Amino acid sequence: MKTPIKTMVRCAAFLSGLAVLLLLTSKILVPKNNAKENGMLDPSANGILGEPEQTIDVLFLGDSECYSAFIPLRLWEKHGITSYNCGTALQNLYYTEEFLEKAFQKQSPKVVVLETNAIFRDFSVGASAVHKFKQWFPVFQYHDLWKRLKPGEIHLSDAVFTHKEDAKGYIWDNKVAPASPNDYMAPTQEIQSVSVRNYAYVKDFRDFCEKHGAKLILVSTPSTVNWNMKRHNGIQKLAEELELHYFDLNEPKSPVKIDWAKDTRDKGDHMNYAGACKVTDWLGKHLIETGLVKSRRNDGLCKEWNAAAERFNSKRL
Amino acid sequence: MEKLLEILRDIQPDIDYETCEDLIDGHLLDSLSIIAMIADLEDAFDVTIPAVEIVPENFNSAARMYAMLTRLQEED
Amino acid sequence: MSFALISAAGSKLTSCFSAEYLFVFLPVFLFAYSIVPDRWKKYVLITASCLFYCLVSGKLIVYLLLTAALMHWFGIWLDRLQTQMKDRLSLAEKEERKAIKNNFAAKKRSVITLAAMLQLGTLLTLKYTGFFLTNINTLLSALHSTAQFEIPSFLIPVGLSFFSLQAVSYLLDVYRGVIPADDNLPRLLLFLGFFPQIVEGPICRYRQTADALWNPQPIRYDNLTHGLTRIAWGVMKKIVVADRLDPLVKKVFTDYASFDGGVIALAAVFYTVQLYMDFSGAMDVVIGTAQIIGVALPENFKRPFFSKTISEFWTRWHITLGAWFRDYVFYPVTTAAPMKKLTTRARKKLGNHYGPLLAGGIALFCVWLGNGVWHGVGWHFIFFGLYHFALIYSGNLLSPLTKRAGSLLHIDPERIAFRWLRILRTTVLVVIGELFFRANGLWAGLAMFKAIFTRFSLPALNAELLSGLGVDWQDLLIVGVTVGIVFTVSVIQEKGVRVCDALYRKPTVIRWGTLYALLLFIIVFGAYGNGYTPVDPLYAQY
């Protein structure tokens, strides 16, 4: 009969060995670059990994509302602002957190824009724990890469991210499917409150940004499907308590005038290109007027961003 | 016992019943052979073998069958 | 702790393979189980079992509770009749005894009939009403009648088919006097609803598990390690092989008309592999879980693909179901008085071999009809049952002929080559059966079977065909490798070696190396995560 202590030591030793092996496998089975061909998930949002150091001034975070509404290259063309859109489909705040931390490794954005729809997406403790676990041991996320691994490629070298996305994270779509807004922002005193856990996440984002010299602002992009006054009130309350700037572009008095017959690609759920231009133009104007971000046109970046914009425009048309 | 072995040999001649210990578990006797056997055993030993008794423990070897039959005779 | 369990409730606890079960439910349960004093452990087991059932099936837990109550009540009723009979017998004169016995036997028979009808009636009503009414409706419209029945849809509680059989076996055992009635309702509930076993079995007998579950042991280190190893082995079968084959199988069986006969034959083989890996893998997880707390559940598989005949196959595949039908249908039917008479009479006319086959055939037919019906709703399941009936029965009818043919041709049935030939033949027959079992209805099954012979062209399995099937060559490679591993282990087990015990007798380096290899193999080659849809255990639907 073994003593309990000895048993526990054996278990701990076994698990440590397993952890080491998992870390080693994780070194092998991760995308070695950030393009889709390398097996990278969400390559559009992860394109930020390939941007040269200290070149991004504005970071967009959120779900599909986010990647449908903010066009980094239009921000560049109109205002000379460099930005990247890290929106992903159905993004939960734990994934938002991952992108925030990832972006600040090589960049020092001055402004972080969080699209508010993600704040209402609830998830279980389990889901966020699993996500964290996958960040520690990427082999759980990327194990299927064994299929494309050739014998010579089994090595422990670090990944080198060089792939750049021409659209800088924006996902272009110019379909039109009109919405009937039907007074979706009818006034009400009711409040849809943000869950405790999500509230804590937003608070953490704010502190993280403050620590890194960035300003976090909340924006509700126009959506008749996802937004209403109850949600507005919930975010308004959160913004006041956390002392954050909040802009709701759904409000009747909003400076962004959306034509619901033309500016949405799926009956009011998401912006199409025309709608996104309106949202982006308003934001650019706001950022320059308030002096939060300065134009980088006279920077060394000019040539590369112009070229990207040209490629983006030619693909789009 | 000889009577039992005779019946058994009659049903499946090619098994060595005196040594075999896993007639059921070794898949040597299947369920249809067993019902053939039961009718014979009941006649020869003048007992009734209820369904409850038809379990591998009672049929895995000739010795066990014999034990069961003796027990049933006594109970009667 | 309870917080972790409730958050597991938020996500979906669908099976013993879900991450929620393996990484939340099971660890929390084991932790709670190990810290409470021994006399409370059974309550932890009951609570965990009820919680598990609620998480999987929600409100439908009433069925489970009602079944336990029914068992309890009828069991005691039967027991009382038994005691009353004994009291009366002790007072009675010798001449009266027979009458008293008969009187009570009749009473007991009505009680057990009522109980079994309630239990099996619920099962049949919930599972078969839709099927029955659909067929009546078809018949009615064939007769040009406009009258149609509305088809109700019932929510079927998880594991109903499994625990109903356990309940009936308990009552029949009490009725036969094999076990005394249990007046402890929680113990019966635990016997019925023990959490790992409730979804897919094994179908346990009261004598096998009830006491062990009610007197659970502290977790022993060797039980823990052996149990976890077995769980990992089962997870490998399920996640690496079964789930990886699922897209291919689903595709071909749904869209069978557009595939070549060769592909259909291949899909039938793959489905048989999938079903075996899925179901036996689940049993490894279930039995492994029970092993951790020192409870030995009956085995459900004994390397079925080494069977030389179909009849042997069914003593090695889903063993507990076969045993249930054998003990509670086959033998009672054949040993019933009229059947015995039939056998005796038939033997005189037809001889030793063919005589018993008459009564046996009737009983066997009942068994296989029941087996088909138990598996589910649809003519193809009934066909599946009768197909196996036909195979087993004809095997018995022909056995004198084959024996004679064998000795005429001087074939030694124990020769290795001949044995493998028989094993191969049995496997082919099983695969054909599984084709019908999986097909979307009997007509689909027949069409697919026909296509194997009429549309067969041995297509080269090129990459395009593979992508049309939803898998790539790497998938097939890893399936092949894993099946090879399982086969090797099975061969060793066939030689009588207990592989897990043997592994734990090896030096630490080998033992840990093997376990690490197994775990990494699952993690890297498992069909889970991005691009894969989790597949519910296949037998959970029956």
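Predicted model: local features only at pLDDT ≥ 70, side-chain atom pairs only at ≥ 80, totals over all residues.
In chain A, 5 strands form an open sheet in the order E2-E1-E3-E4-E5, with parallel pairing. From one strand to the next, the twist averages 20°. Helix H8 (residues 196–211) of chain A packs on this sheet and touches E3 and E4 of chain A, and the direction of the helix makes about 140° with that of E4(A).

The pairing can be followed strand by strand. E1(A) is joined to E2(A) by 3 bridges, the two strands running parallel, and in this pair Leu59(A) stands opposite Tyr84(A) of E2(A). Strand E1 (residues 58–61) of chain A is also joined to E3(A), through 4 bridges and again in the parallel sense; here Phe60(A) is found opposite Val113(A) of E3(A). On E3(A), the pairing with strand E4 (residues 215–220) of chain A is likewise parallel and extends over 5 bridges, with Leu216(A) of E4(A) as the bridge partner of Val112(A).

Strand E3 (residues 111–115) of chain A is largely enclosed by the rest of the structure, because 5 of its 5 residues are buried. In a regular strand, side chains alternate between the two faces of the sheet. In E3(A), Val111(A), Val113(A) and Glu115(A) point one way, whereas Val112(A) and Leu114(A) point the other way, and all of these residues are buried. Val113(A), which stands opposite Phe60(A), and Val112(A), which has Leu216(A) as its bridge partner, therefore point opposite ways from a strand that is largely enclosed, with 5 of its 5 residues buried.

In chain C, the axes of helix H9 (residues 221–254) and helix H10 (residues 261–292) come within 7 Å and cross at roughly 155°. Since an angle over 145 degrees counts as roughly antiparallel, H9(C) and H10(C) are therefore roughly antiparallel to each other. The crossing of H9(C) and H10(C) is left-handed, and the residues of the contact between these helices comprise 23 nonpolar, 10 polar and 6 charged.

Between chains A and C, 21 residues of chain A are in contact with 21 residues of chain C. On the side of chain A that touches chain C, at least two residues are supplied by each of helix H1 (4–28), helix H6 (125–136) and helix H7 (139–142) of chain A, and H1(A) provides the largest share, 6 residues. By class, the residues on this side of chain A are 11 nonpolar, 7 polar and 3 charged.

The contact between chains C and B takes 22 residues from chain C and 15 residues from chain B. Helix H11 (310–313), helix H12 (319–335) and helix H13 (337–375) of chain C each contribute at least two residues to the side of chain C that touches chain B, where H13(C) gives the most, with 10 residues. The residues on this side of chain C divide into 7 nonpolar, 10 polar and 5 charged.

Methods. Residues numbered from 1 in each chain as written. Chains lettered and ligands numbered in written order. Buried ≥ 20, exposed ≤ 12 C-beta atoms within 10 Å, placed from the backbone. Pairing = 2+ DSSP bridges. Axes fitted to C-alpha atoms, helices over the stretch in contact; angles between N-to-C directions. Parallel < 35°, antiparallel > 145°, perpendicular 65-115°, else oblique. Left-handed = near helix turned anticlockwise from the far one by under 90°. Nonpolar A, V, L, I, M, F, W, Y, C, P; charged D, E, K, R; others polar. Contact = placed C-beta atoms within 7 Å.
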